[in-house]
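Work through the exercises below with the sequence and the model side by side. Try each task before reading its solution.

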Amino acid sequence: MNDHHHATTYVPKSAFAKWFESRLPIAGLIHSSFVAFPVPRNLNYFWTFGGVLFVMLVLQIVTGVILAMHYTPEATKAFDSVEHIMRNVNYGWLLRYLHANGASMFFVAVYIHIFRNLYYGSYKAPREVLYILGVIIYLLMMATAFLGYTLPWGQMSFWGATVITNILAAIPVVGDAIQSLLWGGYSVGNPTLNRFFSLHYLLPFMIVGVVILHVWALHVPGNNNPAGIDIQSGRDAVPFHPYMTVKDGFSLVVFLIFFAWWVFYMPNYLGHADNYIPANPAVTPAHIVPEWYFLPFYAILRAIPDKLGGVIAMFGSIVVLALVPWLDTSKVRSAVYRPIYKQFFWIWVVVCVILGWLGAKPAEGGYVIAARIATAYYFAHFLVIMPLIGFFEKPKPLPRSIVDSVLGPGASRIPVGAAAAPQAKG
Amino acid sequence: MGKTMTRAALLALLAAGVGMSEPAFPAGETPVPPQLKWSWQGPFGTYDRAQLQRGFQVYREVCQACHGIQRVAFRNLAEPGGPEFTRGQVQALAAEYKIKDGPNDSGEMFERPARPADRFPWNFPNEQAAAAANGGKAPPDLSLMAKARTFERGFPWFVWDALRQYSENGADYLTALLVGYKDAPQGVTVPAGGFYNEYYPGHIIAMPPPLSDGQVTYAKGADGQPAVPETVAQYARDVTAFLAWTAEPHLEARKRLGFVVILFLIGLTALMYFTKKKVWADVGGEIEDRPGVKTV
């Protein structure tokens, strides 16, 4: 870890704290990471979603652990046990709706977090590892969400599991082996549900592990910021506490209102009616559609006429994200100073939304053509447009410092005081 | 230039949405169920007790012959937020049903009258028996039906629905289905054992028209008249309301708690906002707060 940040300003006060700190300096670590840690003073509200995501992860784990106390991962009992939770467990309906909608809110927050990253160039040096850890967390989230959606063992659970495990069979050589390993048999059935439940319980703790690495990797270079320039003096920074804690807290409460809207007033809106029909291997639903947060990838999967090609494109659409630090050839981080990239960023966002909409539509006629065009554009954005813009774009002049970017040149009159004290240099 | 391109992209998105929502679902195939007014709509919605009681009566006298509500226990009928029959009524009602229990000490299965803790038994011993008696397909359990059916709303209505809390699509569909029996239009042949229904996907439904005017006799008021008309439309709405409750028995508690939670969060938001303002004032305030200064 960077010595600079952990040459902590924490001073143990009590005799016990001194004794403990000399044996396990965890209080100093926490203090330097979440109290004195210097953050750029110009972080906007898009930077508060890391905190929101952390709270969502904890909430999902807490509600999930309690739900697991009442849930039965057995094919003939799973659906009934979920209904038992909904009807007979005290506040079971609340736990389940929090957990189910919590997954959606988790993805809302992570998409804002990812779009913020791509807009302000947070993936660029020296934050590549931090960024790739984020892509890994996102992949783990997707796996966890997919596994979780199968657990109520409704029609969409069953057929979603069938579709996704079937596409894995397209992988050459090992595909069939992976598929039967996941199934635990020759089709989706009780063994599948057992292992999906086990994995659904396991993966969130792996996410916690990678989140710790993600935060660690963040605390080495520190936060990027809307100006995309480094902290140069104490004037550019404020300590994490109380400035970011209070700002993150405010943002979190607003986010919770949004969350509560779904949980209490439209808890089934983001789900599928078909999942209130118990799984029936003999009846295929008219449209098998994944949850909204998977729709763009589902559109990409179906856009490619070849099964293996579709699988490659779908996974490729996430792998390409991990390569972004090297595909972006511009030296400037923030899109604020990148007039061309800024335009293409928003076009790409619109293309993602279109892909999401197409993912919910049947794969026929004009929809397929549109999905192919959008898929091609999605990849072209990263593989062609991003590298080229770096060469042709003339960035706007960067401000000399974060303080300058905030208040214009000659902003030296801002009081710095205690705010800058814990921070000597970048 | 920046604004123009963003706007062009948004327009393209809109055009795509409007232009393409048509071909996959040809207009007129299946009409969209009308959106009815329900007492449990909106943030303060509650079930109408009298309507749930009438709906239960319709279920019992009409639907129960074929369809179960096996996830519902008799005791639920007396619980708050539902039809709220008295405990005495529920006890008497349960006693009219037979439950297969056992084995007893001599290893025999036996029948006994139901107790409030029991769930509603189905008229058929199993799926196969129900299928055999109903032309090959078992009539589905109705406990969750109001959440297990819906209809396509499409862009941009689904955005509007989220804002106005439209969650009664299942109920609207069920009522539309129950009143949607019609003579088949010219050129459509209805196979034997099937019936033409305007709102059923594919239109050919195996369930015969279940309701007819005057079929269920509602309790009379002081004036000797029932409080609501004894018509198919009214029966359909009442039984739909009852099924909305069987599907979501804690809806009232959920909405009540939701209001308190959101009120609390709004209060907390205000406190957090002013706390944040005060804290950030120490370092010259937040960038967004400075008038006349270019923000990033």
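**Exercise 1.** Find how far apart the C-alpha centres of domain 1 and domain 2 of chain A lie, and which elements of domain 1 touch domain 2.

*Solution.* 
- Start with the bounds, which come from an automatic or database domain assignment. Domain 1 of chain A is 36-220 + 238-279, and domain 2 is 289-396.
- The C-alpha centres of these two domains lie 22 Å apart.
- Next, take the contacts (C-beta atoms, placed from the backbone, within 7 Å). In chain A, 23 residues of domain 1 are in contact with 20 residues of domain 2.
- On the domain 1 side, the elements giving two or more residues are α6 (92-120), α7 and α8 (155-168) of chain A. The largest share, 7 residues, comes from α7(A).
- Sort that side by class: 17 nonpolar, 4 polar and 2 charged residues. Here Ala, Val, Leu, Ile, Met, Phe, Trp, Tyr, Cys and Pro count as nonpolar, Asp, Glu, Lys and Arg as charged, and the others, Gly among them, as polar.

A note on the model: it is predicted, local features need pLDDT of at least 70, side-chain atom pairs count only at pLDDT 80 or more, and totals for chains, interfaces and linings use all residues. Residues are numbered from 1 along each chain as its sequence is written, while chains are lettered from A and ligands numbered from 1 in the order in which they are written.

**Exercise 2.** Check the span of helix α13 of chain A, then locate its kink and its buried residues.

*Solution.* 
- Helices (H or I, at least four residues) and strands (E, at least two) are DSSP runs, numbered from the N terminus.
- The expected span is 1.5 Å times one less than the number of residues.
- A kink of about 30° is centred on A:Gly316. The bend is the angle between axes fitted to the seven residues ending there and the seven starting there.
- The buried residues (20 or more other C-beta atoms within 10 Å; exposed means 12 or fewer, partly exposed in between) of α13(A) are A:Ala313, A:Met314, A:Ser317 and A:Leu321.
- Their cover includes α7 (128-150), α12 (295-303), α14 (324-327) and α16 (365-392) of chain A.

**Exercise 3.** Which residues touch the most other members of the largest nonpolar core?

*Solution.* 
- A nonpolar core is a set of buried Ala, Val, Leu, Ile, Met, Phe, Trp, Tyr and Cys residues joined through C-beta atoms within 7 Å.
- The largest has 57 residues, and A:Phe106 and A:Ala109 touch the most other members.
- The largest share of this core, 13 residues, comes from α6(A).
- Beyond four places in sequence, A:Ala109 is in contact with A:Phe49, A:Val52, A:Leu53 and A:Met56.
- A second, separate core of 49 residues includes A:Tyr120, A:Ile354, A:Met386 and B:Trp280.

**Exercise 4.** Is B:Asp238 buried or exposed?

*Solution.* 
- Count: 25 other C-beta atoms lie within 10 Å, so B:Asp238 is buried.
- List its contacts, leaving out residues up to four places away in sequence: B:Gln51, B:Arg54, B:Gly55 and B:Val58.
- Step back to the chain: 29% of the 296 residues of chain B count as buried.

Technical notes: Two residues are in contact if their C-beta atoms, placed from the backbone, lie within 7 Å.
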